[in-house]
Amino acid sequence: MQHVKFLLLIFLVGQCVFLAGQSTRVNVEGRIINVVNEEPIPYVHVYIKGLDQGTVSNLNGEFFLRNVNGVDTLVFSFIGFDTYETPAKDVLELEVIKLYPATEVLNEVTLVNNDDFLYDLLAGCKKSQSGTLKTAKTYFSLNTFVDSS
């Protein structure tokens, strides 16, 4: 009987330690802005690293993820900006995620015309033009507005 009580005590302590190690699941929401001009960034990919769970920010840069583990890493990714990774619990405290524009220095590029096909194609287009003059009318309007901000 003494052994049964001891084993039951060990089992209960083990369960408590296991449950304490489990992080709480929370809903994570926030807003994503450009750090340079502080404007919202729409359509940013927000996902949990290593999982198939994620979302995309709306036109105001706002996002919402359900049932996220506090220790999960959230990844914020958008073309033209550096990818940002942070624990989900930090997003709960921040509420505003600031993305930095990505800057890359490209090597010099030299273009060389070594394709006779393109040259022949353009030359053929020029030769096939007819001698008649064609005219067209274009309509446009010009709108002016005052930014009061």
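Mentor: Happy to; we'll start with the overall fold and then visit a few residues. Keep in mind that this is a predicted model.

Trainee: How many helices and strands does the protein chain have?
Mentor: The protein chain has three helices and seven strands. Along the sequence, their order is α-β-β-β-β-β-β-α-β-α.

Trainee: And how much of the protein chain counts as buried?
Mentor: Of its 149 residues, 17% count as buried. The chain exposes about 12800 Å², and carbon and sulfur atoms supply 57% of that area.

Trainee: Let's zoom in on strand 2. What does strand 2 pair with?
Mentor: Strand 2, residues 45-48, has a pairing with strand 3 and another with strand 5. With strand 3, the two run antiparallel and are joined by three bridges. With strand 5, residues 73-77, the pairing is also antiparallel, over four bridges.

Trainee: Which residues stand opposite each other there?
Mentor: Among them, V46 stands opposite T55 in strand 3, while I48 stands opposite L74 in strand 5.

Trainee: Which face of strand 2 is covered?
Mentor: V46 and I48 make up the covered face, and H45 and Y47 the uncovered one. As background, side chains in a regular strand alternate between the two faces of the sheet.

Trainee: What's in the turn between strand 2 and strand 3?
Mentor: The two strands form a hairpin with five residues between them. G50 sits in that turn and has a positive phi of about 85°.

Trainee: Okay, moving past strand 3. Is S57 buried or exposed?
Mentor: S57 counts as buried because its relative accessibility is 2%. You'll find S57 in the loop between strand 3 and strand 4.

Trainee: What does the side chain of S57 reach?
Mentor: It reaches the backbone oxygen of I41, at 3.1 Å. Leaving aside neighbours within four places in sequence, the contacts of S57 include I32, P42, Y43 and F63.

Trainee: And L59, buried or exposed?
Mentor: L59 counts as exposed, because its relative accessibility is 58%. L59 lies in the loop between strand 3, residues 54-56, and strand 4, residues 62-69.

Trainee: Tell me more about Y43, then. Where is Y43 found?
Mentor: Y43 is in the loop between strand 1 and strand 2. With a relative accessible area of 48%, Y43 is partly exposed. Its phi is positive, about 65°, although Y43 is not a glycine.

Trainee: Why would that be worth a remark?
Mentor: Most residues other than glycine have a negative phi. E38 is another residue other than glycine with a positive value, near 60°. E38 lies in the loop between strand 1, residues 25-34, and strand 2. It counts as exposed, at 53% relative accessibility.

Conventions: Residues numbered from 1 in each chain as written. Predicted model: local features only at pLDDT ≥ 70, side-chain atom pairs only at ≥ 80, totals over all residues. Heavy atoms only, no water. Buried < 20%, exposed > 50% of the residue type's maximum accessible area, 1.4 Å probe, protein only. Polar contact = N/O pair within 3.5 Å; in protein donor to acceptor, adjacent residues only side chain to side chain. Contact = heavy atoms within 4.5 Å. Pairing = 2+ DSSP bridges. Areas by Shrake-Rupley, 256 points an atom, 1.4 Å probe, with all protein chains shown as cover.
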